[in-house]
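Please keep the sequence and the picture in view while reading.

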Amino acid sequence: MTQPPNRQTQLNKPLSAEFLNRLTNIVGEENMIISGSRLKRNSQDAYWYSPVLKKQLADKSADVIVEPQTQQQLIDVISVTVDERFPIVPRGAGTGNYGQSIPIYGGVLISTKKLNQIVELTPDCAKVEAGVILLDIETEARKIGAELRFFPSTLPTSTAAGFLAGGSAGPGSMNWGNVWTPGNILEVKIVTIEADPQTIILTDPTDMQTVIHNCGLTAMITEVTYALAPHQPWQQYVLAFDSFESALDAGERFAKDGQLPTRLVSIFDWPLPLFFKQLVKAGACPDGKPLVFLLTTAKVEEIQKLAAAEGGEVTWHNRIANVHKSNLELTDFAWNHTTLWAMKADPAWTYLQDTFDPENYRAHLRLRKAKYGDDVIDHVEFTGAGGGPCTAYPAGLTIVRYRSDEQLQEMIDYGESIGIMQYSPHTTVLDEPNTRWEYKHLLEAKKVWDPHNLLNPGHLQNND
Ligand SMILES: Cc1cc2nc3c(=O)[nH]c(=O)nc-3n(C[C@H](O)[C@H](O)[C@H](O)COP(=O)(O)OP(=O)(O)OC[C@H]3O[C@@H](n4cnc5c(N)ncnc54)[C@H](O)[C@@H]3O)c2cc1C
């Protein structure tokens, strides 16, 4: 008797010429990539941030990439792909760090690149198609006196749906929290993964949690409405300190000062500033000194005074006239861009994602530094729970030297053992304790919206 094919055989089945024809009839040949280096390149994300994932994912690729130009085309692509039971992987700009948009089992990668219309823009909110680049929202919002509440440091490249599904926080988060903080996302339009796909509009904050930070696993997002904030005349500052402790003192003071409107407080231990080549050239990084980056509306005289009170000095200052039109944007060096600069300087660097106990984190950082010495360089970002500076707390995107998979895991375990919560970026499996990813409600939604279990397979050990 013939056995039914197992799931892995089903997922890995080759595409037929007939199926490719069906896709071509929907989007046209010019909106498909079926071979060559473009297929490989556009199948990958920033998984190489992790030396562990670099080994696991280097050979993964979609069998075909489709770039629908309209939401109807996207629905039709889903319909025929479900009909033929091939895996579907959603993708924005592919800047995710954990291989979340890499087709582990091949199949059809749906790029939202050409779904790039701003549907509606008011001073309070931006309703946009999935593939709209965040910088385009920021630029258009500025014209009407508004701005994004917060954004990832990949602002110039990442997409509206990609940040919603794959990202979490960034500059601005110390006031507004992250993508799952109620009030930041006002509406999400999704399409289900069925042969007869349904379009559903989610507005209830609890319902929206089933697609926010879902890593492309529950449904295809076609539109997002981001709440906006009133635009502020932000100024950029780099401050240098004699010790990491003084930099932390100053950073914490800036982050929690309710009187000083602030969008970014980042703290870097030496030698991290050495890796910020353009800032070194601009004279912002004095030898041996830990730095604080600050985006605030305060005038230079005020910041100079506050820095001096903590034993520091302002080493660089620049008004952001037009976002991403100036030569140097501090946000290009902060959040997870810091890791990129470290890796450019030496590919042996990688990173950890730390959540600290705000009362005891300094002692925890000292302990870890004492154990690992120069294999750890501290990088702290202030983020928040969405209630302004009073909720700001420190989190770590700590730079660590990779020596082996085992040593990296040992560092993660050690962090946990001393009270530094770890959200490991070194696994593609999301429902495992190391990632601390909230997934149970997502699995429930997936059962309903992706009944054939075709969306982004390979990331859920409880489901694949
Ligand atoms: C240099 C660098 C700096 C970074 N800095 C930050 C940072 O400051 N903060 C932060 O949070 N992240 C950061 N990241 C991670 C990443 O940039 C963000 O997660 C980004 O917002 C992802 O957007 P994207 O368009 O590239 O999404 P992609 O990488 O294409 O996708 C991310 C996830 O979303 C899913 N997805 C994409 N589109 C859809 C859709 N339409 N429907 C359903 N699922 C979808 C994908 O399947 C995938 O699981 C950084 C990454 C790099 C490389």
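## A helix and its buried residues

A residue is called buried if 20 or more other C-beta atoms lie within 10 Å of its own, these atoms being placed from the backbone. The structure shown is a predicted model, and in it the buried residues of helix H13 are His337, Thr338, Thr339, Trp341 and Ala342.

## The surroundings of the ligand

Helix H13, which spans 337–345, also supplies at least two residues of the shell around the ligand, as do strand S3 (88–91), helix H7 (160–166) and strand S10 (220–230). The largest share of this shell comes from H7, which gives 5 residues.

In total, 38 residues surround the ligand, and the closest are Gly92, Gly162, Gly166, Gly167 and Gly216. When the shell is sorted by class, it holds 21 polar, 15 nonpolar and 2 charged residues.

## The nonpolar cores

The largest nonpolar core has 65 residues, and those with the most contacts inside it are Ala160, Leu164, Ile221 and Val224. Because domain 1 (7–111) and domain 2 (118–231) both give residues to this core, it lies between them.

For Ile221, if neighbours within four places in sequence are left aside, the contacts are with Ala130, Ala161, Leu164, Ala165, Val188, Ile190 and Val211. There is also a second, separate core of 60 residues, and among its members are Leu57, Tyr351, Ala392 and Ile412.

Methods:
Residues are numbered from 1 along each chain as its sequence is written. This is a predicted model: local features need pLDDT of at least 70, side-chain atom pairs count only at pLDDT 80 or more; totals for chains, interfaces and linings use all residues. A residue is near a molecule or strand if its C-beta atom, placed from the backbone, lies within 6 Å of it. Helices (H or I, at least four residues) and strands (E, at least two) are DSSP runs, numbered from the N terminus. Ala, Val, Leu, Ile, Met, Phe, Trp, Tyr, Cys and Pro count as nonpolar, Asp, Glu, Lys and Arg as charged, and the others, Gly among them, as polar. A residue is buried if 20 or more other C-beta atoms lie within 10 Å of its own, exposed if 12 or fewer, and partly exposed in between; C-beta atoms are placed from the backbone. A nonpolar core is a set of buried Ala, Val, Leu, Ile, Met, Phe, Trp, Tyr and Cys residues joined through C-beta atoms within 7 Å. Domain bounds come from an automatic or database domain assignment. Two residues are in contact if their C-beta atoms, placed from the backbone, lie within 7 Å.
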